[in-house]
Amino acid sequence: MIAAILTVALLSSSQPAMSTPSPSPIVIAHRGASGERPEHTRAAYELAIEQGADFIEPDLVMTRDGHLVVRHENEIGETTDVADHPDFAARRTTRDVDGVPVTGWFTEDFTLAELKTLRARERLPALRPASAAFDGQEPILTFDEVLAIARDASARTGRVIGVAPELKHPSHFAALGLPMEEDFIAALERHGLTGAEAPILIQCFEVGTLERLKARINAPLLQLMQADGGPADRPDVTYAEMETPQGLAEIARYADAVGVQDLMVVPRDDAGRALEASPLTENAHAAGLKVAVWTLRAENVFLPAQYRIGDAPADHGDLAGWLKTIYALGVDAVFSDFPAAAVNAR
């Protein structure tokens, strides 16, 4: 039932559901309040909840011993202190991840116990030195731990805090003998989050994963897309084809929503200026799909040219103005590294 697909705790009531395009869109804290604390840490999630986010987002990858842990990528050199651990120096390697060679340290080469000895770091320290001041303080979280953060915060605040997990590189992990879907469904079952009304929104760039989840659970599913490329498990399909009315109708067969890069709803010219909105939001709604836009950030380097303030890439521009432009399209949700700004702008 479309009206129940994104059960959230908006500020106006305890647990409403989205139906038509929302006048008060959902705010999804992208990896937590990741503009202010190292991403995917307890501190980032707790701050996001304090700032009024409706959902917190964990990206999920696999350990060697089959646990779901929360990191933006399976390569963890950028976001942990793994390079400072001499015992792990020999595990630095190059892997092919969805057709792209990546060099570093990978979660699939570590047990959960080993990963728990690492500490999180800010991924963009040059842009976010204030967040980098919190480096080295927090461990890597498991998916179960993030679900518990949301559950406990819901009880504490009286708001339903949703969770928007993204399954990262499921085909890559399956090829290594580490299928994500079984462990993921088991986690949802442990926490009672498999139903259509569950405060969860399951994301993936790959199509097959969502199709298989659709056959097994009733929880809301979101197809991620970006401005270029295509799903790793569908080499003959592009995201440009998927965003057409025909493509969106196909997505609606197995998903409840699309999560689209901001460039897809508001393209930019060669100078980086935002142009007129595309028909994507309207077309998705016509297909019965909700629309979530990612990722809205405060730094000039991420903003359209007319929303930048000054020339320094790390300086904050007019994020509030950019958010209001996106909200005015009638979108149903936004992902933001700065949930306080997204809550205030709506």
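Let me begin in strand E12, which is where Thr 295 is placed; helices (H or I, at least four residues) and strands (E, at least two) are DSSP runs, numbered from the N terminus. Thr 295 is joined to Trp 294 by a cis peptide bond, with omega at about -25 degrees.

Before going further, a word on the source. This is a predicted model, in which local features need pLDDT of at least 70, side-chain atom pairs count only at pLDDT 80 or more, and totals for chains, interfaces and linings use all residues. Residues are numbered from 1 along each chain as its sequence is written, and side-chain values use heavy atoms, with hydrogens and water left out.

On confidence, pLDDT is the predictor's confidence in each residue, from 0 to 100. The chain has a mean pLDDT of 93, with 93% of its residues at 70 or more. Residues 1-5 have a pLDDT below 50, and this stretch has 15 contacts in the model beyond near neighbours in sequence; a contact means heavy atoms within 4.5 Å. Over residues 7-22 the pLDDT likewise stays under 50, and here the model has 52 contacts beyond four places in sequence. Where pLDDT is low, the predicted coordinates should not be read in detail.

I turn to the pockets. The search runs on a 1 Å grid over the protein atoms alone, and a pocket is an open set of points where a 1.4 Å probe fits, with protein on both sides within 12 Å along at least five of seven lines; lining residues have an atom within 4 Å of a point. Grid points are joined across faces, edges and corners, and a volume is the space filled by probe spheres set on the points.

The largest pocket holds about 620 Å³ of space. Which residues lie nearest its centre? They are His 72, Lys 168, Phe 205, Gln 226 and Trp 294, out of 29 lining residues. Strand E8 (166-167), strand E9 (202-204) and strand E12 (290-296) are the elements that give two or more residues to this lining. By class, the lining comprises 10 nonpolar, eight polar and 11 charged residues. Here Ala, Val, Leu, Ile, Met, Phe, Trp, Tyr, Cys and Pro count as nonpolar, Asp, Glu, Lys and Arg as charged, and the others, Gly among them, as polar.

The second largest pocket has a volume of about 230 Å³. Its lining has 13 residues, and Glu 73, Asn 74, Val 97, Val 102 and His 169 are the closest to its centre. That lining divides into four nonpolar, four polar and five charged residues.

Next, helix H7, residues 207-214. Its buried residues are Val 207, Gly 208, Thr 209, Leu 210 and Leu 213, where buried means under 20% relative accessible area, exposed over 50%, and partly exposed in between (1.4 Å probe, protein chains only). These residues pack against E8, helix H5 (170-175), helix H6 (180-190), E9, strand E10 (221-225) and helix H8 (239-242).

Two backbone positions deserve mention. Arg 31, in the loop between strand E1 (26-29) and helix H1 (42-50), has phi near 60 degrees, a positive value in a residue other than glycine. Is Arg 31 buried or exposed? At 5% relative accessibility, Arg 31 counts as buried. Asp 98 lies in the loop between strand E5 (93-97) and strand E6 (100-104), and its phi is also positive, near 55 degrees. Asp 98 is partly exposed, at 36% relative accessible area.

Finally, salt bridges. Side chains of opposite charge can pair when their charged atoms come close. A salt bridge is a side-chain nitrogen of Lys or Arg within 4 Å of a carboxyl oxygen of Asp or Glu, and the whole structure has 25 of them.

Glu 46 and Arg 42 form one, at 3.9 Å from N to O. They are four residues apart in helix H1, so about one helical turn separates them. Arg 151 pairs with Asp 152, their closest N and O atoms being 3.1 Å apart.

Arg 234 and Glu 211 meet at 2.9 Å, N to O. This pair links distant parts of the chain, 23 residues apart, with Arg 234 in the loop between E10 and H8 and Glu 211 in helix H7. Arg 234 is partly exposed at 27%, as is Glu 211 at 24%. Through shared partners, salt bridges join Glu 211, Asp 233, Arg 234, Glu 250 and Arg 253 into one network.
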